[in-house]
Amino acid sequence: MSIRAVHHLNCATMCPLPAVLFGGSGLGRGRMIAHCLLVETERDGLVLIDTGFGTRDIEGQTGLSRAFKRLAGPTLDHSETAIAQVTALGFDPEDVRHLVVTHLDLDHAGGLPDFPTAKVHVHAREHAAAMARSARRERERYLKAQWSHGPHWEVYTEDGDTWRGLPAVTKLRGLDADIGLLPMHGHTRGHSAILVHAKDRWLVHAGDAYFHHHAIDGAGKVPLGFRGFEAAVQMDPAARRASAAALRQLRTSYADIDLFCAHDPHEFARYV
Ligand SMILES: [Zn+2]
């Protein structure tokens, strides 16, 4: 057993306006979280999946824009950073040797500088898009300051490997544990879900491939705010729709999969 335990962490709370458009009620602020995983491995130390906001975001050093703060309402709470939670759990932050990210949007990559010696595993298309920042939307969503420390990047492309019939990268360099990338492009050019095999189940961290549980379970309507936001920020609408359809298919086809996205507090509540 190469994975000992998985901790579910919320590494950023955001309170977008108005709540009624984001699954809450009234005109006050809604609530979104940044669902991250801290994985204890037998051989390779700690692995952090997605990173939320980090110390430098909280301290105003990464250039989170005023427009973003007004719209998304991040609480920017020090105690929610991954490094604070790693320490609170009794671990040494230096034992976090690997970061695996769904994508490099500012609310997912903020923790990178808090673990400067960790390898950062990401899809090659995502890495290229974040470095190039060629579209206006990409200049807004990717903050260079979150990787100005020069991370040790490990980038991947699909190489014929599959998982449950879908193109995947099931082996990450330097990691013995079953942790992989499941490309789910569309939200960004190289967005991927992250696979974690622990205790005979597969956790599928879908990142921002969808934003609300109803996008996957079909039990109700996705609140209008999420639909609007999704449409406003997606880089490839057809790819995003195909990714969401593939996740729905996985959920109905296999009983050993636990699927969740990054920002839905309802899904997060299942695990904590
Ligand atoms: Zn996000």
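This is a predicted model: local features need pLDDT of at least 70, side-chain atom pairs count only at pLDDT 80 or more; totals for chains, interfaces and linings use all residues.
View 1. Six strands, in the order β1-β2-β3-β4-β5-β6, make up an open sheet with mixed pairing. At its edges sit β1 (3-10) and β6 (152-156), each of which pairs on one side only. Ignore direction, and neighbouring strands here are turned against each other by 20 degrees on average.

**View 2. Zooming in on β5, β6 and the helix across them.** Strand β5 (residues 119-123) runs parallel to β6, and 5 bridges join the two. Look for His 123, which stands opposite Tyr 156 in β6. Then find helix α4 (residues 124-132): α4 lies across both β5 and β6, and runs at about 100 degrees to β5.

View 3. Which residues of α7 (residues 224-233) are buried? They are Gly 225, Phe 226, Phe 229 and Glu 230. If you look down the axis of α7, these buried residues fall within an arc of 130 degrees, so they line one face of the helix. Over on the other side of α7, you'll find Leu 224, Gly 228, Ala 231 and Ala 232, which are exposed.

**View 4. Ala 238 in helix α8.** Ala 238 belongs to α8, the helix covering residues 237-253. Is Ala 238 buried or exposed? Count its C-beta neighbours inside 10 Å and you get 10, so Ala 238 counts as exposed; the cut-off for exposed is 12 or fewer. Now pick out Ser 65 as well: Ala 238 and Ser 65 are 173 residues apart in sequence, and from C-alpha to C-alpha they are 29 Å apart in space.

Methods
Residues are numbered from 1 along each chain as its sequence is written. Helices (H or I, at least four residues) and strands (E, at least two) are DSSP runs, numbered from the N terminus. A residue is buried if 20 or more other C-beta atoms lie within 10 Å of its own, exposed if 12 or fewer, and partly exposed in between; C-beta atoms are placed from the backbone. Two strands pair if DSSP finds at least two bridges between them. Axes are lines fitted to C-alpha atoms, for helices over the stretch in contact, and angles run from 0 to 180 degrees between N-to-C directions. Two residues are in contact if their C-beta atoms, placed from the backbone, lie within 7 Å. The arc is that of the directions from the helix axis to the C-beta atoms.
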